[in-house]
Amino acid sequence: MIRLQRVTKRFGSASEALSNVSLRVDPGAMAFITGPSGAGKSTLLRLIAGLERPTRGRIRVNGHDLDRLSNRAIPGFRRSIGLVFQDHRLLFDRPVFDNVALPLEILAYRRPEMRKRVRAALDKVGLLHKEGVNPRTLSAGEQQRVGIARAIVHRPVLLLADEPTGNLDPALSREILQLFDDFNRVGMTALIASHDLGLVERMGKPVLHLEDGRIEARAAAGAPA
Amino acid sequence: MKPGRRLQDTVPAWLEAHRDAARRSLQRRLQAPVLSLISIAVLGFILALPAYLWVLLDNARALSAHVDHDPRIALYLDGVEAATVADLERHLETDARVERWIWIDADEALARYREGLADPGLLDWLDENPLPDVVDVVPATADPETVAALREALAATVPGATVVSDDDWVRQLNSLHQLGLRILSVVGALLGLGALLILALATASELRERREEIAISRISGATHRFLRRPSLYGGVMTGLGGGIFAGILLLIGIGLSRAPLEQAAAAFDLELGLSLPGATHLLALLLAGLLLGWLGARLGSGHALRDAP
Ligand SMILES: Nc1ncnc2c1ncn2[C@@H]1O[C@H](COP(=O)(O)OP(=O)(O)O)[C@@H](O)[C@H]1O
Ligand SMILES: [Mg+2]
């Protein structure tokens, strides 16, 4: 599903945010990326999502060669991915329903199907009863769950999450990770960045450790490419 | 094709997407009515000014067409040789553009002139007849271009003669009208360009307000086409609104300037009315607004989305 070969990313003339990173995530797998702040976790996820281009190296995601992806092909590629952010990035100018419906609008779903899918996604994160409220009125944990519902509503094959538990207490964090585990069980490949090593290790999933832009530890599903 | 979506769904889905974009754009405008109305008003003023000038020009041209006159061409044959005069007579006989013509002999003219004087003896002081022979030509048509062509043909036949046609002022008016149209198109183009920039700026700032939505949408795979769709609808709405407002301003402006203009014209012994623009012209105004609105939104959104990831 994901394959990086000796990928390097440099921003301007600064030192390398990622140096020679190689990794592989198989279809249907679930893996974590850990590492201290500034290690390059977000950069790695943004490269995989096609939001940044690598300075060097090859990235293959879901059958697409990202370095050869034309600008025209990028939207189509991104539609096969779900992205969850630490700060959830919800739109406060519209209710929860419309936030979750956004990817389906982009995919030009028709109303009835859209309604069905948004409800199903909200139901999965336990917020069906909140579909009409403004996300501003929700708690941090609820907001993050709306963000997750938005990321999975179009049933992407790959779910990328950048510190989705960053702002949450341990109990809520476990709940969120449990949600990802559920999605993974129904076939979604998932790659989750987190600096909370203890929490991650309890999930019993492969862990890639980033330190200063380099992969430190290698685990089973995140085998070297 | 995504699972759960069928081919026969694509066209209705596309229509639905357009309807949504239009609805969202309208909602956005209704949420900030003052700003939207200012855009419409600015466009309306910008469109109304050249439209008003155009109506004035058009009426001025109608003035020259309305004047009831039989154009005449007078040839003053001063010192023209007899052979040339024979040429002229042949020409006048054969040219289809000539309705009729009168030869006014110099002596005859002097005699008539003498009759009009209180003291005919005055003219005895003159050694010779100062009047030239005159040919008064009535063209077959009043069309200014035909008359002008005939006048040139006659002038070419009698090189020494002075040729005067009394439609000179019509042609002067026409050339003034052409000049007016030229100035109007320059002014109109400049104003249109200004309107375009204002509308593009408004669109760009609207998209800047939507930037978080745009960023999220881009990440979710939205195309630029999808993202600018509401802006284009917004531009069309502003454009239509501006066109309608310009039409209203134009009608009010004409209504207000009608009476003073007719009074002023009467002072010059002219019968000048200010007629209202027809439906076609009002429609053209509407279309101009629509086009400017769309184009402005297209420019502004193109610029604003250029940097969207
Ligand atoms: N857009 C950017 N411009 C310049 N430097 C960046 C940018 N994004 C990240 N970096 C740098 O790259 C390094 C890795 O950052 P990041 O991937 O955000 O780490 P993490 O998510 O693990 O905290 C940091 O040194 C950061 O300053
Ligand atoms: Mg980060």
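Over all chains, the structure holds 26 salt bridges. The model is a predicted one. Side chains of opposite charge can pair when their charged atoms come close.

One salt bridge joins the side chains of A:Arg56 and A:Glu16, at 3.8 Å from N to O. A:Arg56 belongs to strand 4 (residues 56–61) of chain A and A:Glu16 to strand 2 of chain A, so this pair ties together parts that lie 40 residues apart in sequence. A:Arg56 has a relative accessibility of 46% and counts as partly exposed. A:Glu16 is also partly exposed, with a relative accessible area of 25%.

A second pair is A:Glu52 and A:Arg46, whose side chains meet in a salt bridge of 3.2 Å, N to O. Here A:Arg46 counts as partly exposed, at 32% relative accessibility.

A:Asp65 forms a salt bridge with A:Arg68, and their closest N and O atoms are 3.4 Å apart. A:Asp65 is buried, because its relative accessible area of 11% falls under 20%. A:Arg68 counts as exposed, because its relative accessibility of 65% is over 50%. Both residues belong to a network of salt bridges that also links A:Arg58 and A:Arg60.

Strand 2 of chain A also takes part in strand pairing. Strand 1 (residues 2–10) and strand 2 (residues 16–25) of chain A run antiparallel and are joined by 6 bridges. In one of these strand contacts, A:Val7 has A:Val21 of strand 2 as its bridge partner. The two strands form a hairpin with 5 residues between them. In the turn, A:Gly12 has a positive phi of about 60 degrees.

In all, 22 residues of chain A are in contact with 25 residues of chain B. The size of an interface is often given as the accessible area lost when the parts come together. Between chain A and chain B, the buried area is about 2300 Å², and carbon and sulfur atoms give 54% of it. On the chain A side, A:Arg78, A:Ile106 and A:Arg110 lose the most area to chain B, together 25% of what that side buries.

Charged pairs also cross this interface. The rule finds 5 salt bridges between chain A and chain B. One of the salt bridges in the structure joins the side chains of B:Glu212 and A:Arg89, at 2.9 Å from N to O. Polar contacts between the chains number 8 residue pairs. Helix 2 (74–78), helix 3 (96–106) and helix 4 (111–124) of chain A each give two or more residues to the side that touches chain B. Helix 3 of chain A provides the largest share, 4 residues. By class, this side has 11 nonpolar, no polar and 11 charged residues.

Conventions: Residues are numbered from 1 along each chain as its sequence is written. Chains are lettered from A and ligands numbered from 1 in the order in which they are written. This is a predicted model: local features need pLDDT of at least 70, side-chain atom pairs count only at pLDDT 80 or more; totals for chains, interfaces and linings use all residues. Side-chain values use heavy atoms; hydrogens and water are left out. Contact means heavy atoms within 4.5 Å. Buried area is the accessible area (1.4 Å probe) that two parts lose on being put together, summed over both. A salt bridge is a side-chain nitrogen of Lys or Arg within 4 Å of a carboxyl oxygen of Asp or Glu. A polar contact is a pair of N or O atoms within 3.5 Å; within protein, one must be able to donate a hydrogen and the other to accept it, and residues adjacent in sequence count only if both atoms are side-chain atoms. Ala, Val, Leu, Ile, Met, Phe, Trp, Tyr, Cys and Pro count as nonpolar, Asp, Glu, Lys and Arg as charged, and the others, Gly among them, as polar. Two strands pair if DSSP finds at least two bridges between them. Buried means under 20% relative accessible area, exposed over 50%, partly exposed in between (1.4 Å probe, protein chains only).
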